Amino acid sequence: MDTESATRTTAWREQMDAAARRFAKSADERAEVTRKRKATESDVVDTDEQIIARADRLFTSGEVPAQAAVELGRQEPLDTIGSLERIIGFANDLQAVNFLTRGARAAAAVARITLSHNSREVPMGTGSLVSPQLLLTNNHVLPTADKAESVVIEFGAESGIDNQHNPVTKYRLAPGDFFVTNKHLDYTLVRVAPGPDGAAPGATFGWNRLIADTGKIVVGEAMNVIGHPQGRLKEISIRDNRLDLQLDDFLHYTSDTEPGNSGSPVFNDQWEMVALHHAGVPKKDDNGRMLRKDGKVWQSGDGDDAIHWIANEGVRVSVLLRDLGKQSFDPAQRKFLDELGPAAGLSADTVVADVTMPAPQHISAVEAVVRGVQGRSSAFGGRRSVVFLHGRSQQGRDPADLRRAWTAGLNKGLTLADLSPIDPADAYFPFYGDQLVASLGTQESVVDTGSELYESLVAEAAQRAGMPSAGEVATDPIAEERFGGFGSVVLGRVRDQLGWIAARSGLDSLLIGAIFKDVAAYLDDERVRKSVLDTVLADMPAGGEVILVSHSLGTVVAMDLLTQLPRELDVSLLVTAGSPLGLDGVYGKLLSGGASRPEWVGEWLNTWYAGDPIAIGCPLRPAWGNDLRDLPVDNPKERAHDIAEYLAHAAVAATIGRTLSA
C-alpha cells in the first residue's frame, strides 16, 4: 500500500472508530426505540416534536393525499401523535410512480471522486452537487485543498437503461475559489470548476439542495443511498434501509453500503437529502477488535468487504448547515455559498443576501453599478438579435456569467430539439440588477413592511393556489373534510399566505415573498421603473429583428419595455417564462394600462410550470387573449422557477431556435 492510500485508509478508520464509539454509547436510546415500537406496533417512532414536524412536511407538500387523512380520521381523532405516526407510516409504505423519476434526477447530481496519482486514476469516494457549483463529500475523502486539486469528478459513471456504459463527463475542482472542511463532522464543501463551455456542472446535472428545516425524516422511515461503492459504477441502496436513531450530530441507519460510499448523499423517500454518509459501524468483540462476517477477528489483509457491519452513520444535513453558518466568508466565497439557496437557512446574512435587497450603501457609487453585455452585431446573419432579460436578485453578479448560464440552458434544449446551439457571445444581456438595488433607496424598507400592492399580489397568488379562508374551512363540508382534523394540526403552521404558496410549490416562502416585493417595488415607484427601463434600453440592439426572452420580474419589465422601444426594432418573438403577468395586480399596473397584447410583437410564447409560485397566474390566455401560445412544462420541483430549466425544454428552445434560423 502506497503512502497516499495508507493516509486515506487511516482517516477512514478514524471516522469508523468514532462512529463505533457513538453507537456503543447510544445503546440505551436504541433500546428505548425498540420499546416504543413494541408498544405502538409501529416502526415509525420518534419524539412528539419530530413526529409533528414530519407530518406537517408530508401533508403540506402533498406527499400524503388528503383522502388518506380523511379515512384515518373516521377511525380515530387526527390530533394525536399515534395518528400522525400512522399518517407517516402510510406515506412510508406507498410511493407514487414518480418516486423513480425523482430518484433518477437526484442520482444525476451524484459523482465519483477519482484520484489522479502517478499517471493512474484511482476511485476513492463519492460526492454530490448541492448547488450549481458546490460539491459535498467527506473530510476523510478530501481533507485538504491540495488533495482536492489532485482529483477528477466524474458524472455519469453508471450503466444505461440497456446496461451499456454511459459516457462519463469529467470536471476538476477549484478549491482556491471555495473550500470548507470539518474533521469532526467529516464533511468537505468545495467548488467544481466550470466545464469547457464555461457552464457550471449543475446546469447539466442538477443538484440536491440542502434543507435546514426539520421534519425531513423520523425513526423507522425508509432511506435511500446513492454512491460508488468500491469505485464501481453508480449504485443505489433503495428503501430497504431504516433510520434507527437520531443523535445530536449524526444519524444511525441500517443500510447496505460499502467503503466507496463515503460522501454519498442519504435521502428520504421524497428525495430530500437528510444526511451525508461517512462511515460504517463494525461489530467488535469484548476487546474492541473488529469481527468478520464469520465471527473471526478481522485482519488487515481480509479486505473491508469481510467486515461484519452492524450499522451505518451519516452526518445530519441540519448540523452541517449550522456549522457552515458559524463561519465567516469573504464576498467572493459568499456568492458561492448563497447558491445553496434560502432553504439552507445558513444565517441572517445569507438569507438577506439571497432573498432580500442589500442595503443601498453597498452600491452607492455610480461606478459600482455594473452594466450589461452586448451581443456581436454579426450574429445570426446580422439581421436579428436574441436578448435575455433577467429577473430579480442578480445584483453583484457578472452579466457575462449570467449570459453563459442562460445560454447553457437554451443550448441543452436546442440539442434536444436537434437544432444548432448558439454562442453566448452572440446574445445581448441587458443588466439592471445593480441599478434596481441602487434605485430602490428608502423604498426598500417600505416594501419590506408590506406595501398595499405587495400584500394584494401575495393574497391573489395564495387564493389562486387554492388557499381556503378560515370561513371556508369552518362552513364548507368539503373543505372541512379535506382540511379539518389532521389539517388543523398542519394549517396552524401554514395559515399565512406565503406559507401556503410555499407549501404547494416547494420553494422557500422568503424567496417567494422577496420576488413579489421586487415586482411591487418596480410597479409602485415610477422612479425605480424608469431607472430599470433606461438601463435596459442602453444595452438593446440598435435595430433589426429581436427575439426577446424574459424571466420572472423580467417579463414585467419586458412588457413595459415594449412600449419604449424605438421603431428600428422589430420584436418577432417574445418569450415569457415563470411570469407573474397573469395576476390582476400586475397587469393592471403596467404602462399599457392592462392586459393588452402589444400589436408590434410577432409571436408570443409563454412557458410556465404549475409548481412555480411566481407563475401562479398562468396560463395567460384567459387574461391576455388567445393570440399567444401557453406552453406548460415540468421543471424539477426544487428548481421550479429556474430560467435554465425553462429554456432546457425542447419545445421552448425549438421556438427560439427556429425563429433565429428563419
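This is a dialogue on how to read several features of a predicted model.

User: Among contacts between residues at least 6 apart in sequence, what share joins residues at least 24 apart?

Analyst: The share is 73%.

User: Next, the sheets. In what order do the seven strands of the open sheet stand?

Analyst: The order is S5-S4-S1-S2-S3-S7-S6, with antiparallel pairing. At the edges are strand S5 (169-172) and strand S6 (179-182); each has a single partner strand, so one side of each lacks a neighbour in the sheet. From one strand to the next, the twist averages 30°.

User: Which helix packs on this sheet, and which strands does the helix touch?

Analyst: Helix H9 (residues 317-325) packs there, touching S3, S6 and strand S7 (187-191). The direction of H9 makes about 65° with that of S7.

User: How do strands S2 and S3 pair?

Analyst: Strand S2 (residues 120-129) and strand S3 (residues 134-137) pair in the antiparallel sense over two bridges.

User: How should I think about side chains along a strand?

Analyst: In a regular strand, side chains alternate between the two faces of the sheet.

User: Is Ser 128 buried or exposed?

Analyst: Ser 128 has a relative accessible area of 1%, and buried means under 20%, so Ser 128 is buried. Apart from neighbours within four places in sequence, Ser 128 is in contact with Ala 109, Val 110, Leu 134, Leu 135, Leu 136, Asn 208 and Pro 265.

User: What about Lys 293: buried or exposed?

Analyst: The relative accessible area of Lys 293 is 60%, and exposed means over 50%, so Lys 293 is exposed. Lys 293 is found in the loop between S12 and strand S13 (309-316). Leaving out neighbours within four places in sequence, the contacts of Lys 293 are Asp 305, Ala 306, Ile 307 and His 308. Of these, Ala 306 is 13 residues away in sequence, with 6.1 Å between the two C-alpha atoms.

User: Which strands make up the open sheet of six?

Analyst: That sheet has the order S15-S14-S16-S17-S18-S19, and the pairing is parallel. S15 and strand S19 (629-633) are the edge strands, each pairing on one side only. Five bridges join strand S18 (residues 601-609) to S19, and Trp 608 has Pro 632 as its bridge partner in S19. H12 packs on the sheet, touching strand S14 (384-389), S15 and S16, and its direction makes about 110° with that of S14.

User: How many bridges join S16 and S17?

Analyst: Strand S16 (residues 544-551) and S17 pair in the parallel sense over eight bridges. Glu 545 has Asp 570 in S17 as its bridge partner. Strand S17 (residues 569-577) is mostly covered, with eight of its nine residues buried.

User: What describes a pair of aromatic rings?

Analyst: The distance of the centres and the angle of the planes describe such a pair. A search of the whole structure finds ten aromatic pairs. In one of them, the rings of Phe 99 and Trp 271 have centres 5.3 Å apart and planes at 40°, so the pair is tilted.

User: Where do Phe 99 and Trp 271 lie?

Analyst: Phe 99 is in helix H6 (residues 98-108), and Trp 271 is in the loop between strand S11 (265-267) and strand S12 (273-282), so the pair ties together parts that are 172 residues apart in sequence. Phe 99 is buried, at 6% relative accessible area, and Trp 271 is buried too, at 9%. Phe 99, Phe 267 and Trp 271 form one aromatic cluster.

User: What kind of pair do Trp 406 and Phe 429 form?

Analyst: Trp 406 and Phe 429 form an edge-to-face pair, 5.7 Å centre to centre with 85° between the planes. Both residues, Trp 406 and Phe 429, are buried.

User: Which ring does the charged end of Arg 22 sit over?

Analyst: The charged end of Arg 22 sits over the ring of Phe 250, 3.8 Å from its centre. Likewise, the charged end of Arg 30 sits over the ring of Phe 23, 3.6 Å from its centre.

Conventions: Residues numbered from 1 in each chain as written. Predicted model: local features only at pLDDT ≥ 70, side-chain atom pairs only at ≥ 80, totals over all residues. Heavy atoms only, no water. Phe/Tyr/Trp six-rings, centres within 6.5 Å; stacked < 30°, edge-to-face > 60°. Helix = DSSP H or I, 4+ residues; strand = E, 2+ residues; numbered from the N terminus. Buried < 20%, exposed > 50% of the residue type's maximum accessible area, 1.4 Å probe, protein only. Lys NZ or Arg CZ within 6 Å of the ring centre and 35° of its normal. Contact = heavy atoms within 4.5 Å. Pairing = 2+ DSSP bridges. Axes fitted to C-alpha atoms, helices over the stretch in contact; angles between N-to-C directions.
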